[in-house]
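The following note is intended for a colleague who is meeting this structure for the first time. Please read the points with the sequence and the model at hand.

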Amino acid sequence: MSEKLEKARLYEIEEAKNIPQEEKPAFHVSAPVGWINDPNGFSVFKGKVHLFYQYHPYSRDWGPMHWGHSVTEDMIRWEQLPAALAPDQEYDREGCFSGSAIEADGKQALIYTGVTTEKLPDGKEEVRQNQCLAWGDGKDYVKAEKNPVVTGDMLPEKCSRVDFRDPKVWEDNGTYHMLVGCRSEEIPGQVVLFSSKDLKEWKFETILASNESGKIGTMWECPDFFQLGSKRVLICSPQDMKAQKYEFHNGHNSVYFLGDYDEKTHTFVKELPHALDYGMDFYAPQTTELPDGRRIMIAWMKSWDACVIPNSQVWQGMMTLPRELELKDGKIWQTPVREIEKYHKNPCRYDHAEINQETTLCGIEGRTIDLTVLLEEDEFQTFSMKLAANKEYETSFTYHKAENMLEIDRTYCGVTKDVVCVRKLKISNPEGLKKMRFILDRQSIELFLNDGEQVATTAICTPLEAQEIHFYSDKKIHINVEKHSIVKL
């Protein structure tokens, strides 16, 4: 073990003792200390689900990237493991950037982007990003002797050596495939494909997909590529993407393309891009396939441009709840992993509850809950809910029926920075908003609309004493409400 990795491991143990556990999310992965961002290496190894992540243990701000590590058996109860990687070699001395993991030959292989600098003929230094390999047993990892295993020199001539990162690796019929985010002099964003028989020796195959129109942001970060139902899915996170009416509002977005893939010619014919999440805090999603066949996705629950934490908080960064993906009606639908239902406690239910102006329902409250609301067919124009609320704080979700529009507003959640607090989204279902399922976990609200046809993820920084939930309708309506506390035994 290198000195840098040992230092990080000792630091996270000692500093984590100073962070009150009640300050952290109850069932979402969060930074043990310091800062985390992109999920990495989301995969199954020896019967457990592993999640690594971009990690800077020494401050709550982005810094030289390490890999943090958590593991779980049910995606709700997570165990913190020691840091897995540190930037301790010449080829990754500027950072161990994002990547993936795969089980191979009985070991767990980590494939990541090593960042270094190279001196140019004119004496200037320029960043170089290459793909590197480490082998481990699920806890400790040794970097390959011949790193990097894929370099920018293997790319077509006009592809960038500076922006070439975030490898996703999978195996198919004895061949490993690696998809990496990149850009070129002509194309602002693209993903490139490599293949290998042993994870060590790789060859360039093709540019799998590109931002030909120039409208889908710039650099395509954190690509993922998998089969879902009858379609192949490409996920990526384009930087600097301009909003298109009510789509792609996050600047740095996360999108998916459905398409058809010819494995022999490595040809992917993609359809139009779709947003994966309509909230304010969602980036760099990564998926894995469970042994039971479910495709699960997790993402970083934050925006690069927003700091939605109290000034006193010494850690920053958490992940979304893992979500099950399903292809339905030509779109990806998302639902919370079903394992969360094992932690349901203290049920409270109302059938045909009357809402007239502002209303509260006894027992419908809390900050670690699974809450479902069904709207009955009634004549109203505005329906609203305030969550994590009291006299001072609230985060509101307001449905404007005539426009079929939902407005999210966290202005009063406790933020003290000039960050985005309001977002509007058009409900996809032409029949309107029928069902809302909220997952609350102290510092976050994830909203699944109409059984997961759309999702909106929002981080909040509201003191935990704000437990109330308020309903409002401009005319008398009726709703069905079901609430469960989420309790880890």
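1. Strands, as the word is used here, are DSSP runs (E) of at least two residues, numbered from the N terminus. In this predicted model, strand β23 spans residues 382–389 and contains Ser384.

2. Is Ser384 buried or exposed? Its relative accessible area is 10%; because buried means under 20%, Ser384 counts as buried. The side chain of Ser384 makes a polar contact of 2.9 Å with the side chain of Thr398. Leaving out residues up to four places away in sequence, Ser384 also touches Ser396, Phe397, His470, Phe471 and Tyr472.

3. In general, nonpolar side chains in soluble globular proteins tend to be buried together. Here the largest nonpolar core has 61 residues, and Val373, Phe383, Met385, Phe438, Phe471 and Ile479 have the most contacts inside it. The element that gives the most to this core is strand β30 (residues 468–486), with five residues. A second, separate core comprises 39 residues, among them Val29, Met75, Tyr283 and Ile486.

4. Val373 deserves a separate entry. Apart from its neighbours within four places in sequence, its contacts include Phe383, Met385, Phe471 and Ile479, as well as Lys434, Lys435 and Asn480.

5. Aromatic residues form a further topic. The count of aromatic pairs comes to 17, and one aromatic cluster is formed by Phe52, Trp67, Tyr112 and Tyr141.

6. Two lysines are to be noted beside aromatic rings. Lys7 places its charged end over the ring of Tyr58, 5.0 Å from the ring centre. For Lys328, the charged end sits over the ring of Trp333, at 4.0 Å from its centre.

Conventions. Residues numbered from 1 in each chain as written. Predicted model: local features only at pLDDT ≥ 70, side-chain atom pairs only at ≥ 80, totals over all residues. Heavy atoms only, no water. Phe/Tyr/Trp six-rings, centres within 6.5 Å; stacked < 30°, edge-to-face > 60°. Lys NZ or Arg CZ within 6 Å of the ring centre and 35° of its normal. Core = buried A, V, L, I, M, F, W, Y, C linked by side-chain atoms within 4.5 Å. Buried < 20%, exposed > 50% of the residue type's maximum accessible area, 1.4 Å probe, protein only. Helix = DSSP H or I, 4+ residues; strand = E, 2+ residues; numbered from the N terminus. Contact = heavy atoms within 4.5 Å. Polar contact = N/O pair within 3.5 Å; in protein donor to acceptor, adjacent residues only side chain to side chain.
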